[in-house]
Amino acid sequence: MQPLTVHRGLVAPLDRANVDTDAIIPKQFLKSVKRTGFGPNLFDEWRYLDRGEPGIDNSRRPLNPDFSLNQARFKGASVLIARKNFGCGSSREHAPWALEDYGFRVIIAPSFADIFFNNCFKNGVLPVRLTESEVDRLFHEVNAFPGFELVVNLPEQFVSTQDGAQRFSFDVDPFRKFCLVNGFDEIGLTLRHADKIREYEARRLAAQPWLSKTLAS
């Protein structure tokens with residue numbers, strides 16, 4: 001998992017509340033478990049004018065010109081701002097996979113669904129909770145100024161404008177922060193103890209050699 005410490009990126013707005021995971025990545029795309037390739041179908045039903053299906057060439061599909069991510073000024077955005085209860089609905093982990101594969105490293109909203117919130121940290125995406133008034137201010141800024149960027153400092157736990165004139169603090173669980181700053185998912189955390197695991201397995205096989213035949217079969 002790619003570490004996240006201080007991130008500076010273009011901001012894209014999604015001015016909707018209660019965005020559920022089926023809107024983030026529709027159910028027909030959930031067959032793959034590779035964690036990659038979902039970006040082109042992020043917000044598929046809002047982003048395109050036709051119905052998407054796995055295997056379709058997305059470059060040939062008609063785009064919805066009214067959807068924010070299709071506007072040229074938001075191309076390459078890596079910070080998404082949204083309204084309350086983002087990521088509600090089913091617990092599919094494909095939702096943060098799609099956001100990360102598209103290029104988003106930070107999602108800012110007043111509140112998130114709990115399972116989605118936790119899944120983001122496990123997949124290299126930082127969900128930042130700010131107050132509704134702070135999010136309102138960011139929506140105003142991003143709509144008023146093309147090319148609007150934010151600096152997100154995870155170690156010091158703040159979001160700021162490029163010039164530092166506006167700065168908003170956010171809370172984050174220390175363990176989740178440690179994992180994201182160091183790029184550790186659950187497998188990465190386990191592999192930090194690979195030597196001890198190998199030592200344990202060697203001792204166990206020495207004490208119970210019959211296990212080697214069981215493991216081999």
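Helices are DSSP runs of H or I with at least four residues, and strands are runs of E with at least two, numbered from the N terminus. The model examined here is predicted, so local features need pLDDT of at least 70 and side-chain atom pairs count only at pLDDT 80 or more, while totals for chains, interfaces and linings use all residues. Residues are numbered from 1 along each chain as its sequence is written, and side-chain values use heavy atoms, leaving out hydrogens and water.

Just after α6, Gly-183 adopts a positive phi of about 75°. Within the helix, which spans residues 174–182, the buried residues (under 20% relative accessible area, with a 1.4 Å probe and protein chains only) are Lys-177, Cys-179 and Leu-180. Because their arc around the axis, taken from the directions to the C-beta atoms, is only 165°, they lie on the same side of α6.

Aromatic rings come next. Across the whole structure, eleven aromatic pairs are found, a pair being rings of Phe, Tyr or Trp (its six-membered ring) with centres within 6.5 Å, called stacked if the planes are under 30 degrees apart, edge-to-face if over 60 and tilted otherwise. Phe-86 and Phe-116 are edge-to-face, because their centres are 5.4 Å apart and their planes meet at 70°. Phe-86 lies in the loop between β2 (79–82) and α3 (94–102) and Phe-116 in helix α4 (residues 114–122), so this pair ties together parts 30 residues apart in sequence. Phe-116 also forms a stacked pair with Phe-112, at 6.3 Å centre to centre and 20° between the planes.

Technical notes:
Buried means under 20% relative accessible area, exposed over 50%, partly exposed in between (1.4 Å probe, protein chains only).
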